[in-house]
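Please keep the sequence and the model at hand while reading.

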Amino acid sequence: MSYIDIQNLSFSYQPKRPILKHIDLAVEKGEWIAILGHNGSGKSTLAKLIVGLLEPSSGTIVVDGTALNPDSAYEIRKKIGIVFQNPDNQFVGVTVRDDMAFGMENLQFSKSKMMNNIAFFADKVGMTAYLDKEPSGLSGGQKQRVAIAGILAMETEVIIFDEATSMLDPTARRELMDYIRGLHREGLTILMITHDIEEALWADRMIVLQNGELFRQGTREAMLADSAAFAEAGLELPVALQIAETLRKSGALTPELEAHLWESSLRR
Amino acid sequence: MGIQFTKVNYRYPGWGRETYGAIADVTLSISAKDEFIALVGHTGSGKSTLAQHMNALMFPTSGTVEIFGIPVTAKRNKKTDYNSLRKRVGLVFQFPEYQLFEETVEKDIMFGPRNFRITEEDAREMAKNALKMVGLSENYLRRNPFNLSGGEKKRVSIAGILAMNPDVLVLDEPTSGLDPRGKHTLMELFRSIREETGKTIIFITHDMDLVYRYADRVLVLEAGSLVFDGTPDKLFRDPDLERWHLDYPATLSVLDNVKKSLGWDLDIYQNTVGKAADELKRAVRRP
C-alpha cells in the first residue's frame, strides 16, 4: 500500500461548483511529486484536504494505513506538515523559538525533546542565530526556513509546499530549493505545488490539475514531451523547450539543436 | 514634469544606513508620460520604500521628491495637500487582499474616487470604466471580491487605482503568485493601458523575463542605492549584473548555452521566445 492513498476524492463548497473532481492519487514514501496547474485548478484545495484542513465531499484519503476523518485528523497531522505561499500567514510565536515549539507543544513532546529538536532543526536550516528574534523581522526566505524547521521538529514524514517559493526573490528561492533537495535526499516525502516548471523538474513525478480534475501525470520526460497538454492546462514549458517547439512548427529544428535544448532543460 | 528624486535618503527610525529597505542618495527623474519602467533589486534593496516615496506615502529622511511640481521633504508642509499627489500617482500593493475590503467589487473600486469627493454617480461610472480597462466584464461589479481568484483580485485592486485616473501607475510585484498565463495577461494589460492612455507605468519585479520583454527602462537598486538606470538591453550586457543579485532572462541563457556548447555564431540578446527561435533559424541557415 502506498504511503498516501487518495481515491475518488471530490470537494465543493457549493454542490453545483465542484473544485476537485474524482481525484485518484498514490504517493509512495520518499517520493517527490510536483503538482502543477493554473490558478484556480484545485491544487491548494487538494493540499488542504490531505492535511485535514478541509473535509472531502466524497472519496477517501488514507495516510500510512489510517483513513483520514475528523477523529484521525489530529494523528495524521503529525505525519504531514504544510508550508504556505505567504510566509506571514503561518507564524504564531513571539520569537522564532516559540514558533518552532508551537507544533511540538500540540503534540505534547517532552520539554527536553522540544529543546533538542529546536536546536537541531534550527541549525539544519541555518536559523540558530535568529532563535530569539521576532519572526516579523525576518526576510521571506528566512520565514519559510523557520516554517520548515517547525515542521521538521514535529518529526513529520511528508511536507507539502504550497507555492512556498512564489513570494521569494531568486536567491532565496534557490536556497529554499537546496533545502528541499536535502530533505528529499534524507528520505522525506515531498509534495510541491508550483507554477514554476523549472522547480517541478526536480520532482520524480509530475501531476497536472486542470479545472479540478487530474489532467495528466507521469515522469518529467513524458510530461514535457506532451507540449499540447501543457498549453491546454495553462502551463508553460521551460523556455528552451518553448524555443524548440517554435522551431519545430516552422520545420527548422535540427536533431542536434533539439537534443541540446532537451538536455539543457532536463539537467538538474 | 513627473517625479524627480534629488539626493533622497530614507532610514527606518532606529536603524542604520545599511539596513533592510533603506534608500541612499537616490537621484532620479521619471517622466509623467509614456514610460514603462521595471524597478528591480534583491529583497531588502529598498524597492518598496522607493515606490512609496513616489506618491508621498513615505517622506524622505533627507533630500527632495518633487511630485508634479510639489516638493516632498522630511519637513511636512501644512499647506501641501499630499493626498492630491496620491490621486496623480496611484500605487498598487503586492497583496491585493490587503487592499480589498468592501462587499462588492463595485463598492471597492468606487472607494478611491469617493474618498476624493467625487459624486456617487460619477464614481459608479468610473468604476465601470476601470473594470473594463482591466479586462473584467460588468458582471463582476456585483460580485464579492473575496470570492475571486488571485488574478481577478489583482485586477480589481488595479481597477480601484485606475478609477482615480492617475497619471502614473506604480505596481509592487503585480505578477507574484500568478500562473504563467496570468502573468503575461496582466503585463499585456499594462502595455495596452500605457499605449491607449500614455500613462507612465512602473512595476517592481524579480522576474527578469518580464523585464526584458516588457520594460523600456530598468532601475536597479542595490542596498538602497540606484546602481543602474537604462534600457533592459544595456542591463543584461552589464558585467555587474550578478553582483546585483540579478538573473539573466531565460531566452538569453538558452541562446548563450547554445552558442557556447554548439559553437554557433549567435546574437544572444533576444527578448522573446519568438525572436530567440528566429535567431536560431538564421544561424541554422547560415552556411
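In chain B, strand S7 (residues 168-171) pairs with strand S8 in the parallel sense over four bridges, where strands (E, at least two residues) and helices (H or I, at least four) are DSSP runs numbered from the N terminus, and two strands pair if DSSP finds at least two bridges between them. Within this pairing, Leu169(B) stands opposite Ile201(B) of S8(B). Strand S3 (residues 36-40) of chain B is likewise joined to S8(B) by four bridges, and these two strands run parallel; here Leu39(B) is the residue that stands opposite Ile204(B).

The model is a predicted one, in which local features need pLDDT of at least 70 and side-chain atom pairs count only at pLDDT 80 or more, while totals for chains, interfaces and linings use all residues. Residues are numbered from 1 along each chain as its sequence is written, and chains are lettered from A and ligands numbered from 1 in the order in which they are written.

Why is S8(B) described as largely enclosed by the rest of the structure? Five of the five residues of this strand, residues 200-204, are buried, a residue being buried if 20 or more other C-beta atoms, placed from the backbone, lie within 10 Å of its own, exposed if 12 or fewer, and partly exposed in between. Both faces of the strand are covered, with Thr200(B), Ile202(B) and Ile204(B) buried on one side and Ile201(B) and Phe203(B) buried on the other.

Among the helices of chain B, H3 (residues 105-115) and H5 (residues 150-162) pack at an angle of about 35°, with their axes 7 Å apart; the axes are lines fitted to C-alpha atoms over the stretch in contact, and angles run from 0 to 180 degrees between N-to-C directions. The crossing of H3(B) past H5(B) is right-handed, the near helix being turned clockwise from the far one by less than a right angle. On the H3(B) side, Val105(B), Asp108(B), Ile109(B), Phe111(B) and Gly112(B) meet Val156(B), Ala159(B), Gly160(B) and Ile161(B) of H5(B), contact requiring C-beta atoms, placed from the backbone, within 7 Å. These residues divide into six nonpolar, two polar and one charged, where Ala, Val, Leu, Ile, Met, Phe, Trp, Tyr, Cys and Pro count as nonpolar, Asp, Glu, Lys and Arg as charged, and the others, Gly among them, as polar.

Turning to chain A, its secondary structure comes to eleven helices and ten strands, and buried residues make up 45% of its 268 residues. Its C-alpha atoms fill a box of roughly 65 × 45 × 30 Å, taken along the principal axes.

Phi of His22(A), in strand S2 (residues 17-27) of chain A, is near 50°, a positive value in a residue other than glycine, and His22(A) is partly exposed, with 14 other C-beta atoms within 10 Å. His245(B) has a positive phi of about 65° and lies in the loop between helix H8 (232-235) and H9 of chain B.

How values were computed
Contact = placed C-beta atoms within 7 Å.
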